[in-house]
Amino acid sequence: MSAELRIEELSVTYNRKGLALDQVNLHVPQGGIVALLGANGAGKTTLIRAVTGLLDLHHGQITNGQIHFAGTPVRHFPAHKLVRMGMGQVPEGRLIFKHLSVEENLRVGAAILPRRAVQSQLAMVYELFPRLSERRHQAAGLMSGGEQQMLALGRAMIGKPKLLLVDELSLGLAPLIVSEIYQQLQVICKTTGTSVLVVEQNAKLALEFAHTAYLLQRGQVVLSGSAAEVLHSPDIKSAYLGEAKTSTGPTP
Ligand SMILES: Nc1ncnc2c1ncn2[C@@H]1O[C@H](COP(=O)(O)OP(=O)(O)OP(=O)(O)O)[C@@H](O)[C@H]1O
Ligand SMILES: [Mg+2]
């Protein structure tokens with residue numbers, strides 16, 4: 001079954017006070033890495049909540065549009081059903097269990113697997129992230145931020161998701177460790193065929209690794225295309241890459 005995600009004309013409101021998402025269209029092809037960019041409050045997390053069936057929890061509502069996952073319309077599906085269909089998530093803030101060991105955290109993610117598959121999936125995660133293997137018995141809260149992000153990714157990957165949704169991959173992490181994590185994401189996509197939708201404020205970094213990108217502004221997609229197209233767009237340069245728009249008019 002295809003792993004793709006297709007969002008059509010999606011609108012979302014919280015408490016019916018305006019639209020947090022306004023007729024958003026977005027496509028994550030099978031095996032693709034798609035970056036969702038935008039400033040604070042643009043609607044990135046809202047889109048992830050809508051896709052993962054977690055809007056209710058935050059008093060949000062879909063007012064328009066449809067979400068297709070693996071060929072099925074899933075707009076009304078509860079979160080647990082979506083997880084079983086193959087959605088894996090690294091939520092904003094990572095939400096790992098700090099007092100549990102690395103391996104115990106991974107076993108939480110493995111709860112949806114048949115018991116016989118757990119050991120081989122643990123081995124798969126340890127191969128992807130050797131640092132987690134070295135620290136498997138350590139309390140998760142004692143690891144560095146980058147290692148905790150690897151753990152959050154590993155916990156999502158252990159359930160063999162078809163689609164991985166990552167909110168704020170780079171938040172609070174040094175650029176070097178973020179590059180390392182993105183490289184692992186590329187390996188994951190290549191080796192498992194998993195599709196990835198990654199929310200990112202660091203546009204430059206995300207565009208190095210993603211295939212396509214969407215820029216959200218106040219709930220609307222204002223720019224989308226291949227990573228190269230988005231990287232070279234004057235809008236993204238002025239808004240996110242710290243470069244001024246080149247003036248096209250005559251100089252005074
Ligand atoms: N639970 C909520 N109740 C009411 N409004 C909300 C709620 N969560 C988000 N919003 C509003 O919806 C809009 C989009 O917020 P969202 O959290 O999706 O943005 P974001 O792009 O993820 O921002 P950030 O980069 O700060 O994480 C904002 O105006 C925000 O104030
Ligand atoms: Mg957010």
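The following legends describe close-up views of a predicted model.

View 1. Six strands make up an open sheet of mixed pairing, and their order is β6-β7-β8-β3-β9-β10. The edges are formed by β6 (87-90) and β10 (220-226), each of which pairs on one side only. On average, neighbouring strands of this sheet are turned by 15° against each other, direction ignored.

View 2. Strand β9 (residues 212-217) pairs with β10 in the antiparallel sense, and six bridges link the two. One residue pair to look for is Gln 217 and its bridge partner in β10, Gln 220.

View 3. Strands β6 and β7 run parallel and are joined by four bridges. Within this pairing, Gly 88 has Leu 164 of β7 as its bridge partner. Helix α6 (residues 145-157) packs on the sheet and touches both β6 and β7 (163-166). The direction of α6 makes about 170° with that of β6.

**View 4. Side directions along β6.** In a regular strand, the side chains alternate between the two faces of the sheet. In β6, Met 87 and Gln 89 point one way, while Gly 88 and Val 90 point the other way. Are these four residues buried or exposed? Met 87, Gly 88, Gln 89 and Val 90 are all buried.

**View 5. The surroundings of ligand 1.** Ligand 1 is surrounded by 13 residues, and the closest are Tyr 14, Asn 40, Lys 44, Thr 45 and Thr 46. Which element gives the most to this shell? Helix α1 (residues 44-52) does, with three residues.

View 6. The chain is divided into domain 1, which covers 1-86 + 163-243, and domain 2, which covers 95-160. The C-alpha centres of the two domains lie 23 Å apart. Eleven residues from domain 1 and ten residues from domain 2 take part in the contact. On the side of domain 1 that touches domain 2, the elements giving two or more residues are α2 (79-85) and α7 (175-192). Helix α7 gives the most to this side, with five residues. The residues on this side of domain 1 divide into eight nonpolar, two polar and one charged.

Key
Residues numbered from 1 in each chain as written. Chains lettered and ligands numbered in written order. Predicted model: local features only at pLDDT ≥ 70, side-chain atom pairs only at ≥ 80, totals over all residues. Pairing = 2+ DSSP bridges. Axes fitted to C-alpha atoms, helices over the stretch in contact; angles between N-to-C directions. Contact = placed C-beta atoms within 7 Å. Near = placed C-beta within 6 Å. Domains from an automatic or database assignment. Nonpolar A, V, L, I, M, F, W, Y, C, P; charged D, E, K, R; others polar. Buried ≥ 20, exposed ≤ 12 C-beta atoms within 10 Å, placed from the backbone.
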